[in-house]
Amino acid sequence: MKEQSYICPICNNSELMLRHEASYIYSYVLDSDAPGRNNQEEFLPYLYDKREQKDQTDYIVCNKCGTKYPYAFIHGILDRDIFS
Ligand SMILES: [Zn+2]
């Protein structure tokens, strides 16, 4: 049986993580009570009026040595076919 495994080429560790990193701008309308149309008594950051995504990036990081790899490395550089 063939299985796919991912190995860090720097330290040979097999625990790799895919990370999705993103940044957002949350906007809240300043109205008569707490900022944000959905906030009345208090300001709650998750009750926003508008959310814009600014940047996003996907990468793979090794849990042991911390090396970051571009997502494209998932094929050919980090993957290993294991026959068991
Ligand atoms: Zn590593």
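Which residues does cysteine 11 touch, not counting those up to four places away in sequence? The answer is Cys62, Lys64 and Cys65. The model is a predicted one. Its chain holds 5 strands and 0 helices. The radius of gyration is 21 Å, well over the 12 Å that the globule rule gives for 84 residues, so the chain is more spread out than a compact globule.

**Overall shape and confidence**

- From the N terminus on, the elements read β-β-β-β-β.
- Along the principal axes, the C-alpha atoms fill a box of roughly 65 × 25 × 20 Å.
- Burial is limited to 6% of the 84 residues.
- Take the contacts between residues at least 6 apart in sequence: 57% of them join residues at least 24 apart.
- Mean pLDDT for the chain is 92. A value of 70 or more is reached by 94% of the residues.
- Among the elements, strand 2 has the highest mean pLDDT, at 97. Strand 5 (residues 79-83) has the lowest, at 73.

- Three strands make an open sheet in the order 2-3-4, and the pairing is antiparallel.
- Strand 2 and strand 4 (68-70) are the edge strands, each pairing on one side only.
- From one strand to the next, the twist averages 45 degrees.

**Strand 2 against strand 3**

- Strand 2 covers residues 16-27, and strand 3 covers residues 50-62.
- The two run antiparallel and are joined by 12 bridges.
- Alanine 22 of this pairing stands opposite glutamine 56 in strand 3.
- Serine 27 stands opposite lysine 50, also in strand 3.
- Strand 2 is hardly covered: of its 12 residues, the count of buried ones is 1.

**Strand 3 against strand 4**

- These strands pair in the antiparallel sense over 3 bridges.
- Valine 61 has lysine 68, in strand 4, as its bridge partner.
- The two strands form a hairpin, with 5 residues between them.
- Glycine 66 sits in the turn of that hairpin and has a positive phi of about 80 degrees.

**Tyrosine 24**

- Tyrosine 24 is placed in strand 2.
- Is tyrosine 24 buried or exposed? Tyrosine 24 is exposed, because 11 other C-beta atoms lie within 10 Å, and 12 or fewer counts as exposed.
- Neighbours within four places in sequence aside, tyrosine 24 is in contact with Arg51, Glu52, Gln53 and Lys54.
- Tyrosine 24 and serine 5 are 19 residues apart along the chain. Their C-alpha atoms are separated by 33 Å.

**The loop between strand 1 and strand 2**

- Strand 1 spans 2-6, and cysteine 11 is found in the loop between strand 1 and strand 2.
- Cysteine 11 has 12 C-beta neighbours inside 10 Å, so cysteine 11 counts as exposed.
- What separates the C-alpha atoms of cysteine 11 and threonine 67? The separation is 9.3 Å, although the two residues are 56 residues apart along the chain.
- The contacts of cysteine 11 with Cys62, Lys64 and Cys65 likewise leave out residues up to four places away in sequence.
- Asparagine 12 has its place in the loop between strand 1 and strand 2 as well.
- Asparagine 12 has a positive phi of about 65 degrees, although asparagine 12 is not a glycine.
- Asparagine 12 counts as exposed, because 10 C-beta neighbours lie inside 10 Å.

Technical notes. Residues are numbered from 1 along each chain as its sequence is written. This is a predicted model: local features need pLDDT of at least 70, side-chain atom pairs count only at pLDDT 80 or more; totals for chains, interfaces and linings use all residues. Helices (H or I, at least four residues) and strands (E, at least two) are DSSP runs, numbered from the N terminus. A residue is buried if 20 or more other C-beta atoms lie within 10 Å of its own, exposed if 12 or fewer, and partly exposed in between; C-beta atoms are placed from the backbone. Two residues are in contact if their C-beta atoms, placed from the backbone, lie within 7 Å. Two strands pair if DSSP finds at least two bridges between them. Axes are lines fitted to C-alpha atoms, for helices over the stretch in contact, and angles run from 0 to 180 degrees between N-to-C directions. pLDDT is the predictor's confidence in each residue, from 0 to 100. The radius of gyration is taken over C-alpha atoms; the globule rule is 2.2 Å times the number of residues to the power 0.38.
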